[in-house]
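Good morning, and thank you for the time at this meeting. Please have the sequence and the structure open while I speak.

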Amino acid sequence: MLSARGILQEIHRNDEAFRLFCSIAAKGENQGGWENGRIAALVADPELAPKIARHGADEDKHGRIFNAMLHRRGLDPVDVPPEADYCMLLERQGIGLAHDRLRRDEPMTEADIVEYLVHSRVTEQRAAEDMRMLHRCLGDEPDVGRGLRMICDDEENHLAYCHEELLRLSARGDEAGIGRALRKVARAEIKVNRDVSLAVMERMGRLLDWSRGRRLTLKAGIHAVYAYDRLWGTRRMVRLRPPKRVDALGPKPAAPHRAA
Ligand SMILES: [Fe+2]
Ligand SMILES: [Fe+2]
């Protein structure tokens with residue numbers, strides 16, 4: 001029987017498949033870390049900049065966690081095939097702030113900040129959902145469970161923060177523009193997610209020697225997810241709601257003072 005749990009456990013058990021999986025994940029996290037770090041350095045707003053910096057530090061930490069999972073198994077990361085590079089494919093579609101822009105030492109404009117937050121709102125939705133699934137399926141594995149739980153919790157924070165900041169900007173007047181931008185990014189993201197899923201599945205199929213029937217079934221599943229995302233799922237990626245976790249990336253409360 002094909003299930004997400006069965007497939008993820010199969011990947012986890014196989015060194016080469018696990019190596020590819022963690023390498024793809026680590027590269028995406030590291031890229032997110034670098035982007036957020038650059039944006040934080042170019043944002044003048046004294047309330048927003050530290051939150052973006054924390055967002056970047058979290059993504060860097062996630063990259064280190066996935067690399068540590070490899071290290072623990074005595075594996076080195078492998079190069080990520082371009083067709084499985086989610087962040088790069090999104091950037092190529094003109095989604096989010098281009099790396100050329102981020103390398104220039106020019107302060108972020110209000111429009112740049114909206115673009116950053118809209119891109120993050122959509123991609124953090126995907127990250128939070130993917131991590132929930134990974135944690136559900138592999139959370140009991142002693143070598144990866146704790147790391148996955150930590151990343152899962154952080155991604156929920158990131159998503160909450162994006163809702164909160166975009167709602168703040170919407171209330172200041174450009175609700176319609178933000179809504180349009182969100183829909184544009186979500187449409188591009190669900191296509192890129194489908195293409196990357198197909199590319200990863202193809203590689204995993206070769207590494208794990210999947211039968212033709214199994215590959216075809218998985219391919220059909222990915223297309224079904226894409227159709228669902230296009231028809232009904234876009235809404236969950238673009239709506240803005242006040243999050244349950246308030247000020248999720250705000251200053252951490254100081255540790256309780258203990259009397260000497
Ligand atoms: Fe992350
Ligand atoms: Fe994140």
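First, the conventions. This is a predicted model, in which local features need pLDDT of at least 70 and side-chain atom pairs count only at pLDDT 80 or more, while totals for chains, interfaces and linings use all residues. Residues are numbered from 1 along each chain as its sequence is written, chains are lettered from A and ligands numbered from 1 in the order in which they are written, and side-chain values use heavy atoms, with hydrogens and water left out.

For reference, the ideal angle for four tetrahedral donors is 109.5 degrees.

Glu59 also bridges the iron ion (ligand 1) and the iron ion (ligand 2), and these ions lie 3.6 Å apart. Glu59 and His62 are separated by about one helical turn because they stand three residues apart in helix α3 (residues 48-72). Helices are DSSP runs of H or I with at least four residues, numbered from the N terminus. Glu59 is buried at 5% relative accessibility, and His62 is buried at 0%. Buried means under 20% relative accessible area, exposed over 50%, and partly exposed in between, with a 1.4 Å probe and protein chains only.

I turn now to charged pairs. Side chains of opposite charge can pair when their charged atoms come close. A salt bridge is a side-chain nitrogen of Lys or Arg within 4 Å of a carboxyl oxygen of Asp or Glu, and the whole structure has 23 of them.

One of them joins Asp100 and Arg103, at 3.4 Å from N to O. Both residues lie in helix α5 (residues 99-103), three residues apart, and both are exposed.

Another joins Arg126 and Glu189, at 2.7 Å from N to O. This pair links distant parts of the chain, with Arg126 in helix α6 (residues 110-138) and Glu189 in helix α7 (residues 145-207), 63 residues apart.

Arg215 is partly exposed at 22%, as is Glu202 at 33%. Through shared partners, salt bridges also join Arg126, Glu129, Glu189, Asp229 and Arg236 into one network.

Next, the spaces. On a 1 Å grid over the protein atoms alone, a cavity is a set of points where a 1.4 Å probe fits but cannot get out, and a pocket is an open set with protein on both sides within 12 Å along at least five of seven lines; lining residues have an atom within 4 Å of a point. Grid points are joined across faces, edges and corners, and a volume is the space filled by probe spheres set on the points.

The structure holds one cavity of 30 Å³ or more, and the largest cavity has a volume of about 70 Å³. Its lining residues include Phe18, Phe66 and Leu134.

The second largest pocket holds about 350 Å³. Among the residues closest to its centre are Glu156 and His163.

Finally, the backbone. Most residues other than glycine have a negative phi. Asp209, in the loop between α7 and α8, has a positive phi of about 55°. Asp247, in the segment after α8, has a positive phi of about 50°.

Note on methods. Helix = DSSP H or I, 4+ residues; strand = E, 2+ residues; numbered from the N terminus. Donors = N, O, S within 2.8 Å, 3.2 Å for Na, K, Ca; no water.
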